[in-house]
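Welcome! Here are some exercises to work through with the structure in view, each followed by a solution in steps.

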Amino acid sequence: MTLKGATALVTGAAGFVGPHLARALAGCGARVHGLGNDPPRGELPLEGWHAADLRDPEALSSILTAVRPDFVVHLAGQSSAARSFERPIETFEINALGTWNLLEAVRRVAPRARTLVIGTSEVYGPQPEGSRVSEAAPFRPVSPYALSKAAADAFAELAGERHGLDVVRTRSFGHSGPGQGPRFSVPSWAQQVAAIEAGDAEPVIRVGNLEVTRDLSDVRDVARAYVALLERGRSGETYNVCRGAGVKLAEVVKMLVGRARVRVGIEVDPGRVRAADVVYLVGDPSKIERETGWRAEIELERTLDEVLEEWRVKRVERRLDAPQQKAEGV
């Protein structure tokens, strides 16, 4: 399958991964449309933007009728495990029922479109230390978020089997990079370091549980993986998107602190510790590497450098904006 000259619809195109994916798709010659609640803030190579809530089946059908996509990438959703404990019903409605609504719209309007449903490694739950979990592993979700994504995965599999839709699924492991909001660990820590360097905060960054091991990739590698799966993934299959190597979050924090321009301490904040957590989770990328040729290439050090620099720039911009806002009475 080729993306050149094709029409691609990306849900959640204004989120974290969406802009990176939109650029990657456009770079392959696709005409990219975005769908979501709020439009993107920056410039993106989009042919059109379509406002809709995943919980509104009719709106989704109307948009697919207008766009007539050859490819659909379903990124949109409630992506915070911590937030899912606060709003479990909303999380399930958006992630699980929202996925079903989209798949039903695809079935009615664009049944020949290849649909890539983005899932999460969180569905696997805790794994034995030193192991690499494969796509054949059973689900053991430990949060409402993981449970909602497990249901979405099952809905996507059912849509392919029962309705003959061309559906490919991912179980994407942790990823970071430019554009990620501070609700997530790496950008939260980078934001705090940047504030400390600027003299706007005491020299201590506050963290959650660091005694967990994660498989972390760069968001741009992840966007490349999604392009590879659209073009070369097998219909009905699911793929881990991961590096295949684990790193303790304690090491990630040390790497960021080591990049700070001032002395920075580290303090565990009980409010940042999850109600339930997965201590060890590392993926096996053998399947996606074998079937598509994709592999993670960007080293974690580069990702951390760029995320930290992004927050340094934001801190400078914030200071430059402050006098103007004060003068205008904002």
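## Exercise 1: A loop residue

Aspartate 56 sits in the loop that links strand E3 (48-51) to H2. This is a predicted model, so treat each value below as computed from it.

**Task.** Decide whether aspartate 56 is buried, partly exposed or exposed.

**Solution.** 
- Step 1: The relative accessible area of aspartate 56 is 33%.
- Step 2: Buried means under 20% and exposed means over 50%, with partly exposed in between.
- Step 3: Aspartate 56 is therefore partly exposed.
- Step 4: To place aspartate 56 in space, look for valine 142, which is 86 residues away in sequence and 28 Å away, C-alpha to C-alpha.

## Exercise 2: The chain as a whole

**Task.** Find out how the radius of gyration of the protein chain compares with that of a compact globule.

**Solution.** 
- Step 1: The protein chain has 330 residues, for which a compact globule would have a radius of gyration near 20 Å.
- Step 2: The value for the protein chain is 20 Å, so the two agree.
- Step 3: For the outline, the C-alpha trace spans about 60 × 55 × 40 Å along its principal axes.
- Step 4: Ten helices and 14 strands make up the secondary structure, and 51% of the 330 residues count as buried.
- Step 5: Take the contacts between residues at least 6 apart in sequence: 80% of them join residues at least 24 apart.

## Exercise 3: H2 against H4

**Task.** Work out whether H2 and H4 are parallel or oblique to each other.

**Solution.** 
- Step 1: The two axes cross at roughly 40° and come within 9 Å.
- Step 2: An angle under 35 degrees would count as roughly parallel, and 65 to 115 as roughly perpendicular.
- Step 3: H2 and H4 are therefore oblique, and their crossing is right-handed.
- Step 4: On the H2 side, the contact involves Pro57, Leu60, Ser61, Leu64 and Thr65. H4 brings Asn101, Leu102, Ala105, Val106, Arg108 and Val109.
- Step 5: Sorted by class, the contact of H2 with H4 has seven nonpolar, three polar and one charged residues.

Arginine 68 lies in the loop between helix H2 (57-67) and strand E4 (71-74). Its phi is near 50°, a positive value in a residue other than glycine.

## Exercise 4: H4 against H5

**Task.** Describe how helix H4 (residues 88-109) and helix H5 (residues 144-163) pack.

**Solution.** 
- Step 1: The angle between H4 and H5 is about 15°, and their axes are 8 Å apart.
- Step 2: H4 and H5 are therefore roughly parallel.
- Step 3: The crossing of H4 past H5 is right-handed.
- Step 4: The H4 residues in the contact include Phe92, Leu97, Trp100 and Leu103. Among those in H5 are Tyr145, Phe155 and Leu158.
- Step 5: The contact of H4 with H5 counts 14 nonpolar, five polar and three charged residues.

## Exercise 5: An enclosed helix

**Task.** Explain why helix H8 (residues 249-258) can be called largely enclosed by the rest of the structure.

**Solution.** 
- Step 1: The buried residues of H8 are Leu249, Ala250, Val252, Val253, Met255, Leu256 and Val257.
- Step 2: That is seven of the ten residues in H8, so the helix is largely enclosed.
- Step 3: Val186, Trp189 and Ala190 of H6 meet Leu249, Val252, Val253 and Leu256 of H8. These divide into seven nonpolar, no polar and no charged residues.
- Step 4: Now zoom in on valine 252, which counts as buried at 0% relative accessibility. Not counting residues up to four places away in sequence, valine 252 touches Val186, Trp189, Leu216, Val247, Leu300 and Leu304.

## Exercise 6: A buried loop residue

**Task.** Which residues does valine 282 contact, leaving aside its neighbours within four places in sequence?

**Solution.** 
- Step 1: Find valine 282 in the loop between strand E14 (280-281) and helix H9 (286-292).
- Step 2: Its relative accessibility is 2%, so valine 282 counts as buried.
- Step 3: The contacts of valine 282 are Ser131, Arg132, Val133, Phe173, Thr213, Asp215, Gly244, Ala245 and Gly246.

Key:
Residues numbered from 1 in each chain as written. Predicted model: local features only at pLDDT ≥ 70, side-chain atom pairs only at ≥ 80, totals over all residues. Heavy atoms only, no water. Axes fitted to C-alpha atoms, helices over the stretch in contact; angles between N-to-C directions. Helix = DSSP H or I, 4+ residues; strand = E, 2+ residues; numbered from the N terminus. Parallel < 35°, antiparallel > 145°, perpendicular 65-115°, else oblique. Left-handed = near helix turned anticlockwise from the far one by under 90°. Contact = heavy atoms within 4.5 Å. Nonpolar A, V, L, I, M, F, W, Y, C, P; charged D, E, K, R; others polar. Buried < 20%, exposed > 50% of the residue type's maximum accessible area, 1.4 Å probe, protein only. Rg over C-alpha atoms; globule rule 2.2 N^0.38 Å.
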